[in-house]
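The following exercises are to be worked with the sequence and the model in view. Each task is followed by a solution in steps.

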Amino acid sequence: MAQFPVEEYKVELFDELGYIRKRCPLCGEYFWTLNPDQETCGEATAEGCAYYTFIGSPPTKKAFSYREMREAFLSFFEERGHKRVKPYPVVARWRDDLLFVHASIIDFQPYVTEGIMPPPANPLVIVQPCMRFVDVDNVGPTFGRHLTAFEMGGHHAFNTPEQEVYWRDETVRFHHEFVTKALGVRDEDVIYKEGVWVGGGNAGPDLETIIGGLEVATLVFMKFKVVNGSFQELPIRTVDTGYGIERFTWLSQGAVSAFHAIYGRELDRLASLIGLELPDPSLLAGPARYSSLMTLKKGIRKSEARARVAKALGMDVEELEELLRPVEAFFAILDHTKCLILMLADGVVPSNVREGYLARLMLRRTYRLLRLLGAEEALMDLIEAQLKLWKRDYERLAESEDYIMEIVALERERYKQTISRGVGLVRRLARELRKSGLKELPEDKLLELYDSHGVPPELAVEVARQEGLVAEVPEDFYARVAERHVSMPLRAREGLPELKEELEGLPPTKLLYYEDAYVREFNAKVLRVLDGRYVVLDRTAFYPEGGGQPADTGRIAYPGGECRVVDARKIGRIVVHVVEGAPPPEGAEVKGILDWERRHDLMRAHTATHIVLGAARRILGKHVWQAGAQKGVERSRLDITHYRHLGLKELQAIERLANQVVRANLPVRTAWMPREEAEARYGFRLYQGGAVPGREIRVVEIPGWDVEACGGTHCSRTGEIGLIKLLKAERIQDGVERLIFAIGEHALRAVQEQEETLSEVASTLNVPLEDVARAARRTVEELKSARRELSRLIRRIADLEVERLLARAEDLAGLKLIRADLGQVSSDYLIEVANRICKQEEKAIVLLFARDKTARFVLKLGPMALRAGLCAAELARELGRVVGGGGSGTEAFAQGGGPKTGEVGRALGLLAELVKRKMA
Ligand SMILES: [Zn+2]
Ligand SMILES: [Zn+2]
């Protein structure tokens, strides 16, 4: 990575205090220190530049609890002119390029950092819960330096050409004052290390601060945009700082692990829940000092790292491993369960995709670790304890307790099932691989087994080894899996991109449907016609496809002609009408006429979608988010996140509530407002339909019921919808339920169709409508008992038939030939009779015909006939040919048939000849 010139790192404070710049001989990086004897950068890195010196001797004036540290950070900056901003959710609903917030700056990207919207305050301070999954395999062995769920403190300043807030000098001064004055660390214990920060398309120099060997904060000066690998100056320079609240807490306590610092006295109680007795801290202090060596890095295996730690401590590796294995697992369990409850509280539903995938990953990894400790039964107790512990800090936890307990229990059951299926799956795969000459289980198969089938790699490896394959779990397995799922492809934008160039220079289309959704006809001027089928007007009431609402259709009439509008698309800020028929000439004054009935239905459907979503959230819970929606005239669908298939009772409850809102005839208000205002007023539930771009967003509100950022056209009052009928719920993927519904006229029609079906059933059953259910039940019961009776009779008749046929058996070459035409009977009957004969007569050769529109036969051989060398399939082929068809089967049993019912007699005769020929 290219280094910035030294000027980018030099600050006033360094000169004032006498900091000197040095280069670390071990990692090669530049750093600033007050201590002329300081040789290395002082950071406890995997290279071993230094080890933790704060364990057992904290450099701060006092020990801070987790909460105290969070508050100390916030109030320090608050007292220095920063406004305290509430944390954002951990799911980054306002972004479509990221799933989770992994740094405090994410809250303000891209709108604030790109100058699209003003920051909520400037400067500001925030402590933001974050999630980072790329470090998942490090969580535990590094004693809490890495966490998947952590809090990042950030003081941010946004410097625009108009307003300079503060930059490098002040940022470093603030940091230094915080650690020395507020925490009491000595100046000479603070090292600043130079770095280059790149992320999210931005870049800048950064200073990482090291105290006691631990990197506690990063001060980033975001001033570049990365364009094709080169740096361009940004108009807004952002101070992006990250203070690890957990790390600062750890530092101040000098505890043996960050977990000891975070959980304090609760730690032993949590350990006892899983039957673990934690080693005395004095035993852990040594390994803790060297725990930075356990950071997973390319080229160093965990066992080698462990050996290095053991050597440094003068300990036996196996002894060390035995001491630390359960402790590290316990640390990871604590981290993962906290991460999991925070995700779930934010409305994540475990599934196989997107954020749901990572929730499942956390849960399964926790379960596996618990199993390793023989404590998988403690999962629910542990979750409950974590909820109790953390709900003071994260208010959403308290509201979601029941949901979280329910979903964890459900997911645990699902996981158990997956595991039992997985064993068979891996066994089959392993055998196939071995057959094809492979001797080991490839890593991509391991990934695939986990990704597509949920089989944990440890299990896959165990089973593969039993099958004689070489197999191993890569040490960074979970990080690699997570990496495949943390970022996501941008949603494809709708449009006709090939027209983009031709539209350049045209003014934005005036959107009449936003001024008044009820405009059915309008006058406009033709600005451009492309390819004889794309028409651009100066203004339009045709809604272009977007947000799951289909484009309007209609006509464009002009002097001397008319054409159909079959589609409308928005490209940039221009609406393009796709027409059929002769388009109007450029410059013409035209009249646009919408297919109003259709459009009005789409408006009703769209408003109904918002209403149903609001009802689903109230009936099912706050974890319900819109996962997709498609409005239609006849039918609309709304996909919601939910963890199990909906039953009729739940569906009816949602339907009842939705129709109450329809009858209440509430107003539907739409308003454009600045993004920050909308977010402040309504929160992030605005982004139900996904992130929306732009400085100003359009907010559609049904007061007291639902509010969403939405670009669609809506009714002015809910009563206009008339009726909402939920037709069914389908499970379209794990964690997502699809609700299909109809509105107004179409809802009525759907109800009437169901009624017609019902009345047809009633007339078939010959009962009045209200008796249908009882009559149907009775009919089914009667049918069942009739079937029972029938099969009893068949058995009795078959007995008689068998007796009759055996009595008529013909002797043939030491065997018994039994052949008959039984007329109109079922094939099952033929088989039943043939089976019974062969059971009683081992010399039997049985050929039985049934006859209705075609001729069918079964041919069965007793054991003696088989031993004599006869083959049923062979005989059946020839017999089938006689009746104009064929036959097939096995040696002992065959079936066949053909259309020539008149030839049955000849076929029966032929059998004797065939057998004689064979036996001769
Ligand atoms: Zn170094
Ligand atoms: Zn909408």
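**Exercise 1.** Identify which residues of helix 7 meet which residues of helix 9, and determine how the two helices are oriented.

Solution. Step 1: L283, L284 and P287 of helix 7 meet L320, L323, L324 and V327 of helix 9, where contact means heavy atoms within 4.5 Å. Helices are DSSP runs of H or I with at least four residues, strands are runs of E with at least two, and both are numbered from the N terminus.

Step 2: The residues of this contact comprise seven nonpolar, no polar and no charged. Ala, Val, Leu, Ile, Met, Phe, Trp, Tyr, Cys and Pro count as nonpolar, Asp, Glu, Lys and Arg as charged, and the others, Gly among them, as polar.

Step 3: The axes of helix 7 (residues 281-289) and helix 9 (residues 317-345) come within 11 Å and cross at roughly 95 degrees. The two helices are therefore roughly perpendicular (65 to 115 degrees).

The model is predicted: local features need pLDDT of at least 70, and side-chain atom pairs count only at pLDDT 80 or more. Residues are numbered from 1 along each chain as its sequence is written.

**Exercise 2.** State which residues coordinate the zinc ion (ligand 2).

Solution. Step 1: H606 (NE2), H610 (NE2) and C710 (SG) coordinate the zinc ion (ligand 2) at 2.1 to 2.3 Å; donors are N, O and S atoms within 2.8 Å of the metal (3.2 Å for Na, K and Ca).

Step 2: H610 in helix 17 and C710 in the loop between strand 22 and strand 23 are 100 residues apart.

Step 3: Both H610 and C710 are buried (under 20% relative accessible area, with a 1.4 Å probe).

Technical notes:
Chains are lettered from A and ligands numbered from 1 in the order in which they are written. Side-chain values use heavy atoms; hydrogens and water are left out. Buried means under 20% relative accessible area, exposed over 50%, partly exposed in between (1.4 Å probe, protein chains only). Axes are lines fitted to C-alpha atoms, for helices over the stretch in contact, and angles run from 0 to 180 degrees between N-to-C directions. Angles under 35 degrees count as roughly parallel, over 145 as roughly antiparallel, 65 to 115 as roughly perpendicular and the rest as oblique.
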